[in-house]
Each structure stands twice: as structure tokens, then as C-alpha cells.
Amino acid sequence: MLAYIGYGALWLAFVLSLYAIGAAVYGALNNRFEWVESARRAAVLTWPMLLLTAGSIIALLVTNQFQVEYVASVTSRAMPMYLKITALWGGQAGSLVFWSLLMTTFGSAVMLRSWERDREFLPWVIVVTMVTLAFFIGLNLFVENPFARLWATMDGQVIKAVFQPQGAMPFTPRDGNGLNPLLRHPGMIAHPPMLYAGFVAFVIPYAFAMAALITNRTDARWIRLTRRWSLAAWLFLSLGLILGMRWSYDVLGWGGYWGWDPVEVSALLPWLTGTAFLHSVMIQEKEGLLKHWNMVLIILTYALVIFGTFLTRSGVLSSVHAFAQSAIGPLFFAFIGITFALSLFLLMRRWQDLKSDLRIESLLSREALFTFNNMIFVGVTLVAFWGVIFPILSELVTGQKVTVGPPFYEKATGPLFGLLLLLMGIAPLSAWGYASAKRLGKLLLVPAAFAVVTVAALLVAGIRSLWALVGFGLVAFVGYIVAEEFVRGVRARMRRGESLPVAAYRLIVRNRRRYGGYIVHLGVILMALGIIGTHFFASETQATIPEGGKITLGRYAMTYDALQQFFAPDGRHVARAIVTVYKDGQPVAEVHPRRDFYLDSQQPMTIPGVRSTWLDDFYVILVDWQPISVEGATFKVYHQPLVGWIWIGGLVFIVGTLVAVWPEPDPEERTTARKKPARTRRGRPLPRSARA
Amino acid sequence: MNKRQLWYALGLVVVLVLALGAFPGVTAHAADPTPTPVITDDQVNAVAHTLYCPVCENTPLDVCGTQACAQWRELIRQQLQQGWTVEQIQQYFVDNYGARVLAAPPRKGFWWLAYVVPPLIILAGLYILYRSLKQWYHPRQATTEAAAPRADAAAPAEDGAQDEYLRRMEEELHRRS
Amino acid sequence: MSENETLPEANPAPGKKKVSWGAIVVWGGLLALLVIVGLMLNRTQKGGIAIGETVPADLEMTAFDGSTYRMGDLRGKVVLINFWASWCTTCKDEAAALEQAWQMEQPKGEVVFLGLDYVDTEPDAKAYLERFDVSYPNGPDKATRWAQVFHLRGVPETYIVDREGRLVYKKIGPFRDLDEIMTALQLALEK
């Protein structure tokens with residue numbers, strides 16, 4: 001029953017989205033706004049429908065309705081309640097519904113805003129969001145139906161179908177297969193939704209960009225309207241990536257946090273173009289320039305979002321993250337091809353109108369540095385994209401699978417990331433329009449000296465790795481500049497009589513975007529610290545020791561005190577070692593590395609025991625154990641210097657993005673919408689002279 | 001002993017010290033005639049780290065937890081015991097399990113493309129940058145400066161970045177409110 | 001700036017020509033990408049060799065005992081190709097039944113069994129063969145050549161090739177029992 005309600009709601013959402021597309025196009029072409037208004041309402045209505053759909057899936061999941069194929073494939077009786085709920089995105093069909101739900105949530109939120117000033121955008125924003133939504137709902141309806149039930153046919157086969165096939169009997173398995181053990185970690189509750197939310201939210205700026213192209217309203221209005229959306233999308237995506245790293249570190253038991261797995265990389269790709277976009281829109285907002293470049297970036301971001309989703313779901317890529325092989329590949333393929341080609345076509349049609357004459361007066365001006373930053377981001381994107389696509393190419397041409405792993409990515413993108421870090425330091429000091437080398441040099445002198453001193457100190461401390469020194473030098477350089485920006489701003493305010501906390505608070509709140517951005521930069525620097533630390537200075541060792549035995553690694557040591565084995569109520573067999581960690585001979589912590597064996601899916605999971613400080617982590621993995629033997633157990637231990645800074649930096653990064661994204665009244669709305677007719681402010685033909 | 005001989009002797013000593021001191025690893029593994037040296041887990045992991053598990057998806061062999069991977073690590077241990085070099089072991093894995101066991105494609109034939117394209121992308125990027133800059137770059141001249149004073153960045157107050165900074169900030173605050 | 005530029009490149013370099021090279025590059029690149037992904041998708045969707053298609057004649061296996069078997073040389077006989085590995089748990093379920101089937105078919109001389117050991121280590125593989133008393137030829141799938149031709153998804157998988165070298169049967173996962181194997185072989189023999 002519940003399944004039919006959900007299925008019906010899904011169909012209704014599909015029909016509503018198709019109607020919205022049709023009505024919006026008709027209304028726009030015939031200038032009949034009541035049709036567009038009707039389309040808007042239909043688009044908003046898709047939200048309750050999908051909420052109902054997702055709700056009924058969750059209801060099916062938590063009540064163990066194993067006659068539903070999806071429920072049987074991702075849950076089992078032994079699973080705790082919260083995992084049954086999160087199983088909504090644990091499998092192909094459910095996660096597609098979840099994708100659609102997010103899409104319609106964001107879409108409806110946009111529909112509900114005030115459209116008076118931007119009426120001409122509305123129909124096309126509806127079309128883009130609803131086409132994307134209809135596509136994803138269509139995948140659910142016609143290929144991956146979450147409500148398909150299991151039926152036993154006359155000849156003893158079990159098939160799946162929504163309605164009872166001729167002569168078949170309902171079939172209910174005793175228990176489900178259970179969720180993939182990799183997904184049974186609390187970190188997985190948040191990681192996929194954040195990533196999806198980031199992906200989906202980028203559809204909104206893309207929709208506005210397409211609307212701007214179609215209506216030929218080529219000023220920066222679409223960018224201003226979607227600035228917060230882009231930032232929110234970026235926030236979710238960053239959060240998803242950071243949570244993914246943390247999850248990988250905590251659960252996958254390999255001592256690392258980023259493996260350059262093709263699926264990881266394909267989630268990073270839209271983040272890269274999105275980051276470039278966030279920077280380059282500032283140029284368009286400030287100078288009215290680089291309009292086509294922003295279009296290119298947002299189209300690329302959208303295409304990469306869909307492409308990344310496609311790669312993980314079509315079975316083309318194999319990866320720990322990939323869903324099982326599926327028939328949705330060809331549909332996705334067609335969708336990507338059509339949307340990408342259409343976007344490009346629209347962009348080319350408006351190429352002339354988007355032309356703006358960027359004048360770079362100094363190679364050190366802010367717009368010049370932003371241009372370099374954009375080039376590098378797109379360069380990293382292309383190189384990483386090549387790394388993702390190359391195994392596919394190799395299999396096609398040579399018939400042999402290859403792996404493109406860390407050695408490739410680190411060499412190809414490492415120096416580019418270093419350059420980005422450098423630019424991150426210089427750009428805030430340079431001015432818009434004109435920056436002389438002399439002035440900039442003066443400003444850079446102290447940070448550069450600080451970096452040199454840092455490197456010298458590290459040399460004295462015994463660090464000899466060239467690239468690590470370069471990395472630390474860059475971190476010191478950029479860190480000094482970012483810190484100086486804050487200090488100068490606060491001092492300037494304090495000179496006007498504000499106290500320190502008030503000055504600091506006002507500095508950030510009065511210019512959220514700028515200082516939010518600096519906080520994000522600070523987060524990046526801290527993360528860089530952790531990445532350099534783990535990349536260049538991590539050490540590891542492995543040994544088999546008896547109970548009471550000891551493994552030494554640098555200044556750390558661990559003893560193997562005991563092993564406990566038991567069955568957990570949620571269907572795991574757990575082997576848990578009790579390990580004492582020593583630093584400089586003193587016991588500092590007790591950790592419990594363990595091996596979980598999931599009985600329903602017959603898969604092992606290795607959960608590390610970690611002792612973290614702000615300086616380093618001591619990370620213990622239980623590799624193997626002999627139950628009744630003097631040989632004892634095999635442990636692998638890692639020393640990970642500075643790894644904690646990745647998480648601290650991640651947090652700072654997110655806080656900075658939140659500061660930048662926090663709602664404040666649209667200055668344009670405030671200053672112009674009420675007082676002046678809107679026309680005067682927008683469509684400025686010559687923004688440069690207009691501002692002069 | 002004349003000066004030249006002294007130099008020769010010194011050179012010989014240096015070479016010997018280098019040979020003994022710098023390559024203890026080589027002497028211990030490859031040239032060691034004793035039949036079965038003890039291979040530690042760390043040595044096995046160092047080799048396994050350069051390889052990917054042939055049946056899992058994108059999991060390095062040293063961190064893979066399945067029974068199959070344990071078997072392969074045991075194989076590496078035996079090969080190390082027999083005095084194989086890392087390259088020989090990698091080659092064995094490629095011959096038996098396919099090129100996908102390497103962390104990056106081997107540098108031969110079609111696979112060179114993997115390494116050639118990224119530099120090409122960067123070169124193309126530099127070219128585009130060059131072309132764009134040629135079009136966009138207009139060094140500021142005294143006349144244009146006077147003709148088109150810029151609102152925010154003009155009048156580069158070369159004296160005291162502090163004041164200029166404060167001015168910039170004030171102005172941004174003004175524009176916001 | 002002249003306004004007759006139509007370069008839809010990522011960066012608007014000035015193009016004086018009417019034919020826009022940027023447009024050609026962009027569309028060409030998009031097309032190439034779509035072709036690559038499309039071909040790959042096709043390959044993934046299709047799976048390896050379809051029923052009725054001919055198995056490449058140059059596939060060769062060197063058994064653990066050193067003898068070699070080439071698909072082309074086995075024309076005229078029905079060939080059962082079984083992929084397995086010593087680390088695979090479900091392979092053990094069908095090992096005994098496969099050996100039984102071989103014992104029944106071997107005297108007639110019409111069927112050849114080939115056991116292909118998929119990414120495995122030799123000592124473990126040999127121990128496995130000994131444990132299950134496997135007597136038909138088995139050898140490693142060198143560089144996963146066979147697996148790639150058949151688009152192996154996992155082990156065990158079994159393929160039966162008829163006398164003309166055409167694939168007539170495929171089984172993903174282990175056989176239930178001896179009957180299932182014999183029925184499948186009968187299908188190929190009657191062709």
C-alpha cells in the first residue's frame with residue numbers, strides 16, 4: 001500500500017515537472033505570464049510530492065518491508081534504526097530519489113522568492129530545473145524503481161515488478177541483504193547528502209545562467225541573484241569532500257584520507273570549476289568583465305556535476321564508491337550530451353553580446369591575478385579529468401585496464417596547487433585595476449621575509465625535503481598575509497575608537513564576503529599544513545607481536561594488551577584489540593583497533609584506533625590475529641604528523657564559507673529597488689565609465 | 001707519494017665509502033649470498049604500496065584487507081626472499097595480473113599518452129594566456145590615467161599602505177551601506 | 001576592439017577569420033569525448049562475448065603442468081571454461097561438481113574442461129587443486145587476458161563453447177549441482 005502511495009506521488013511529481021516545462025515555455029514564448037505563474041506553482045508542488053515519495057521509502061525501510069526489492073537489497077533486520085533511514089541513499093534507486101528530493105527542494109526555494117524584478121528569468125529557470133528534475137525522476141520511474149516488489153513466478157524464479165505479473169505470487173525474503181558495511185559509519189550519514197546537495201545546488205546558478213543567455217540579459221544580474229546559491233553549493237560540496245576524507249580516514253583503515261580514486265576525483269572536478277567560478281564572478285560584478293568566461297565555468301560545473309553522477313552510476317568506472325552496474329548509463333549519456341551541447345550552443349549564440357573588453361593595466365592587478373587563478377583551476381580540472389577518463393580510453397584502445405593513481409595526480413597537480421597557494425597570498429594585496437610592482441613588492445617584503453625565516457628555522461630543525469620546505473614556506477607566506485589583512489583591518493577600526501572584539505566582529509560582519517573569503521583562505525592554509533605533514537613526514541611499520549609485545553615507531557610505541565572477540569547485536573563479529581600507546585616511554589592513551597566482520601554481507605571492515613593530538617596522530621590497525629597461538633596479532637601503525645590540521649582547517653574553511661554565505665539584505669534591492677526604477681541600474685553598457 | 005697519487009688514493013677512499021655507505025640496501029638484498037634473509041613486514045609493505053590489489057577497486061595492496069591480498073603479500077615476501085628487485089616483482093605482477101596493478105600506467109606505447117597530455121594541457125593554457133594577455137594587456141600610461149580616473153584603485157597612494165588600505169576599506173563599507 | 005569576433009573559446013583570443021577555430025575545437029572535443037564515453041558505455045552494457053559469438057581463436061592458456069591449450073586448436077570439441085581463484089569462497093561450492101562432470105565426460109572425449117585461475121598465486125592455486133582433486137587442465141589467466149575478453153565480473157563464472165567455437169552458454173556465479181552442469185553441456189553437445 002505504502003509503496004503504491006510513494007509510486008503515485010513519484011508519478012505525480014513527474015507529470016507536474018513536465019507540465020511546468022511545457023507551461024513555462026509556452027508562457028515565455030507567447031508572453032503570457034499567467035502560464036509562467038502556473039508553471040511556477042507546478043514546480044513548487046513537486047516538492048511535497050517528492051517528500052511523500054521519499055517519506056514512503058523511509059517508511060518501507062524502517063518497517064522491514066522486504067517484499068520491496070530496494071528494501072531487501074539495502075537493509076536487514078539487524079540494522080539499527082538510523083541506518084535504515086540513511087539506507088535511503090545507500091543504493092542506486094533510493095539515492096536517485098534523494099537526488100530528486102534535493103533538486104526540488106532547492107528548485108522550490110528559488111521559485112518562492114520574489115520575482116518582480118526578474119520576471120524574464122523565471123520561465124527559463126523553471127525549464128532548466130524541471131528538465132533536470134524530470135530526468136532524474138524518469139530514471140526512477142522507468143529504470144530504477146525503488147517501489148518494485150519481488151514476485152515468485154511459476155517456474156520458481158524471483159523477479160521484480162511494481163504490479164503483480166500474470167501468475168506470480170508475492171515473495172517476501174526472510175531478511176534483507178543489509179547495507180554495504182562501508183556505508184554503516186555515522187560519517188556516512190552526512191557525507192553523501194552533503195555531496196549531493198552541493199551537486200544539486202550548482203544547478204540553480206546554472207539555471208540562471210541559461211536564463212540569462214536565453215533572454216540575452218547579459219549583465220551581472222544573474223550572478224548577483226545566484227551568488228549565495230553558488231556559495232551554498234560550494235559549501236555543501238566542500239563539506240561533502242571534507243567529510244568524505246574524514247570518513248575515509250576513520251573507516252577505511254588505510255591510514256590515508258584521499259586516495260585519488262576516480263570517483264573522489266570526479267567529485268572534486270565540479271568543486272574546482274566552482275571555485276574558479278566563485279573567484280571570476282567577482283571580476284564580472286566589479287568590472288563587468290569576463291562574462292563569457294563565467295558562463296563557460298558554470299556550464300562546465302553543471303556538466304561535471306552530471307558527468308560525475310553518471311560515472312559513478314553507469315558502471316563505466318569501477319571504484320569503491322561506484323554503484324552496481326546499471327541500465328541508466330545510456331539515458332544519462334544522452335542527457336549529458338544534449339544538455340552540454342545545448343548550453344554550448346546558447347553560449348555561442350550570445351557570444352557577441354557577452355563580449356566585454358577586459359583591459360589589464362598591470363600584470364599584478366587583482367583582475368590579472370584572478371585570471372591566472374582561473375587558468376590554473378581550469379588547468380587542474382582538465383588534468384584531473386584526463387586522469388579520470390584515461391583508464392576508459394586505455395581499455396577501449398588497448399583492451400587493458402590501467403590504474404591512474406596518486407603518482408600521476410600528485411605529480412600533475414601538485415605544482416599547480418602550489419602556484420594557487422602562492423596566488424592566494426599575493427592576490428589580496430594587489431589592487432583592482434592597477435598595481436605597481438613596486439608597491440606590491442613593498443607589501444610582499446615582510447611576508448616573504450617571514451617565509452624565509454620559517455624555512456630557515458625548519459632547516460635548522462632538521463627538515464631537508466625540498467618540496468616540504470617549499471610547501472611550508474608557502475604556507476608561512478600566505479598565512480602571514482592573511483593574518484596581516486585581519487590585523488590591519490581590526491587596527492584601522494580600533495583607531496576609530498572601537499574595542500578589539502567589536503572591531504574584529506564588525507570588520508567581518510560589515511564585509512562578510514571579503515573576510516569570509518579570507519577565513520576560507522586561512523582554512524586552506526591550515527589544511528595545506530596537514531597535507532604537507534602527512535605527505536612528506538608520515539611513517540609506518542608493521543609487525544606481528546604476542547600479547548604483551550611491543551612495536552616502536554619513532555618516539556611512539558604501542559603494546560598489545562589483549563584481544564576481545566564477540567558478536568555485536570547488529571550482526572557483526574568483532575575482534576577488538578586493546579592497545580596502549582606510549583610516547584617517549586610514557587603511556588599516553590589506550591586505543592581499540594578492531595576488525596568487524598559483517599555476517600549478512602560477509603565483508604570485513606578494518607576500524608583503526610587513533611590517538612590524536614594537534615601535532616600528530618598515532619594510528620593503529622589490527623591487520624590480523626591468531627586466536628589460539630603464541631604468535632599473537634599483526635598490527636600496522638602509522639605516525640601521521642599534522643594530520644589534525646586538515647580537520648581543523650576544514651572546520652575553519654566551512655566557517656569562512658558560512659560567514660560569506662550568511663544572508664544579508666541584497667544591497668541592490670535595498671538601495672535601488674524601492675527608490676529608483678530598476679532599469680537604470682542594470683544593463684549598464686559601460687560599467688567602467690558609469691562608475692567613474 | 002706525490003700529489004697526484006694522493007688525490008687518486010683519496011678518490012678511491014671516497015668511492016669505497018660511497019659504495020659501502022650509500023648502498024647498504026643493495027648489498028643486503030640483491031648481492032647477499034645467504035639463502036633466506038628475514039624479510040620484515042615493512043619491506044613487504046614498501047613493495048606492496050607501489051601495487052594495487054588486482055581484484056579490488058582502487059585499493060593499494062599494502063592496505064587491502066582481503067584474504068587474496070594477504071596471499072599476494074606473502075608472494076611478495078617470498079620473492080623478496082629470493083632476492084627479487086622491486087622492479088622484477090612489479091613486472092611479475094603486471095605479467096600475471098595485468099597493467100592495472102600498477103599505481104600509474106607503465107610508460108610505454110599508448111600509455112605514454114597519459115603522461116604527455118597533462119603538459120600539453122598546461123602548454124595550451126599558457127598559450128591561451130599569452131594570446132589573451134596580448135589582447136588585454138594595456139600598460140597604463142600617464143595620459144589615460146588622467147583621462148579615466150578609476151574609482152577604487154586610482155590614485156595609488158604609494159605612501160603608506162596603511163592609509164590606502166583604510167581608504168579602500170572605508171570605501172567598500174560605503175558602497176555596501 | 002573590433003566586434004566581429006566569434007571565438008567561442010574558453011578565452012576570447014582575437015580571431016580575424018570567419019571560420020572560428022575555437023568553435024571547431026570545442027565541438028570536436030565534445031564530440032570526441034562523447035564518442036569515447038559512448039563506446040565505453042556500449043562496452044560495459046554489452047558485456048564480453050555474447051551468446052552465439054565466436055570466442056577468439058588466439059586465446060591461450062598454459063596449464064600449471066606446462067601444457068598449452070589454444071582456443072583455435074580446440075575446434076571440433078565442446079569447451080567448458082571455468083574461471084576460479086583460490087581466494088574465492090563460492091568457487092569451492094562448485095569445485096566437486098565440476099570435477100564429477102569432468103570424470104563423466106572425459107572418457108567420451110568430446111568435451112574439454114579448462115580451469116582458468118583468475119588473479120591468484122601459484123602455491124595457493126595448486127593447494128586448491130589438490131584439495132578438490134581437480135584433474136582437468138588448469139592454468140593461470142596470465143595478465144587477465146581471458147577475463148578481459150569475457151568481461152569477467154567476478155569468480156566463479158563458467159562459459160561453454162560449442163564445436164564451431166561459438167559461445168552457447170554462460171553462468172555467472174557457481175553451479176548449483178552436477179545436474180546443472182550436465183544440462184548445460186548437453187545443450188552445447190546437441191548443437
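Chain B has 8 helices and 0 strands, where helices (H or I, at least four residues) and strands (E, at least two) are DSSP runs numbered from the N terminus. The model is a predicted one, in which local features need pLDDT of at least 70, side-chain atom pairs count only at pLDDT 80 or more, and totals for chains, interfaces and linings use all residues. Residues are numbered from 1 along each chain as its sequence is written, chains are lettered from A and ligands numbered from 1 in the order in which they are written, and side-chain values use heavy atoms, with hydrogens and water left out.

From the N terminus on, the elements of chain B read α-α-α-α-α-α-α-α. Of its 177 residues, 36% count as buried; buried means under 20% relative accessible area, exposed over 50%, and partly exposed in between (1.4 Å probe, protein chains only). Among the contacts in chain B with a separation of 6 or more, 40% come from residues 24 or more positions apart, contact meaning heavy atoms within 4.5 Å. Chain B exposes about 10,100 Å², 67% of it supplied by carbon and sulfur atoms; accessible areas come from the Shrake-Rupley method with a 1.4 Å probe, and for residues only the protein chains shown count as cover.

We turn next to chain A. This chain contains 22 helices and 13 strands. Its radius of gyration is 28 Å, close to the 26 Å that the globule rule gives for 692 residues, so chain A is as compact as a globular protein of that length. The radius is taken over C-alpha atoms, and the globule rule is 2.2 Å times the number of residues to the power 0.38. Along the principal axes, the C-alpha atoms of chain A fill a box of roughly 85 × 80 × 55 Å. Of the 692 residues of chain A, 61% count as buried, and residues 24 or more positions apart account for 70% of its contacts with a separation of 6 or more. The accessible surface of chain A comes to about 26,300 Å², with 66% belonging to carbon and sulfur atoms.

Chain A is divided into domain 1 (1-184), domain 2 (192-424) and domain 3 (539-645), with bounds from an automatic or database domain assignment. The C-alpha centres of domain 2 and domain 3 of chain A lie 39 Å apart, and 9 residues of domain 2 are in contact with 11 residues of domain 3.

Aromatic rings come next. Rings of Phe, Tyr and Trp (its six-membered ring) pair if their centres lie within 6.5 Å; planes under 30 degrees apart count as stacked, over 60 as edge-to-face and the rest as tilted. By this rule the count comes to 58 aromatic pairs over all chains. One of these, Phe307(A) with Phe385(A), is tilted, at 5.4 Å centre to centre and 45° between the planes. The pair links distant parts of the chain, with Phe307(A) in helix H11 (residues 291-313) and Phe385(A) in helix H14 (residues 366-398) of chain A, 78 residues apart. Both Phe307(A) and Phe385(A) are buried. Trp614(A) and Trp645(A) form an edge-to-face pair, 6.4 Å centre to centre with 85° between the planes. Here Trp614(A) sits in the loop between strand E11 (609-612) and strand E12 (616-625) of chain A, while Trp645(A) belongs to helix H20 (residues 644-661) of chain A, 31 residues apart. Trp614(A) counts as exposed because its relative accessibility is 58%.

Phe307(A) and Phe385(A) also belong to one aromatic cluster with Trp99(A), Phe135(A), Phe136(A), Phe310(A), Phe332(A) and Phe335(A). In chain B, the charged end of Arg107(B) sits over the ring of Tyr115(B), 4.0 Å from its centre; the criterion is NZ of Lys or CZ of Arg within 6 Å of the ring centre and within 35 degrees of the ring normal.

Val119(C), in the loop between strand E4 (111-117) and helix H3 (122-131) of chain C, has a positive phi near 20°. Val119(C) is buried, with a relative accessible area of 1%. Thr144(C) lies in the loop between strand E5 (138-140) and helix H4 (145-150) of chain C, and counts as buried at 5% relative accessibility. Leaving aside neighbours within four places in sequence, Thr144(C) is in contact with Asn96(B), Tyr97(B), Gly98(B), Tyr118(C) and Val119(C).
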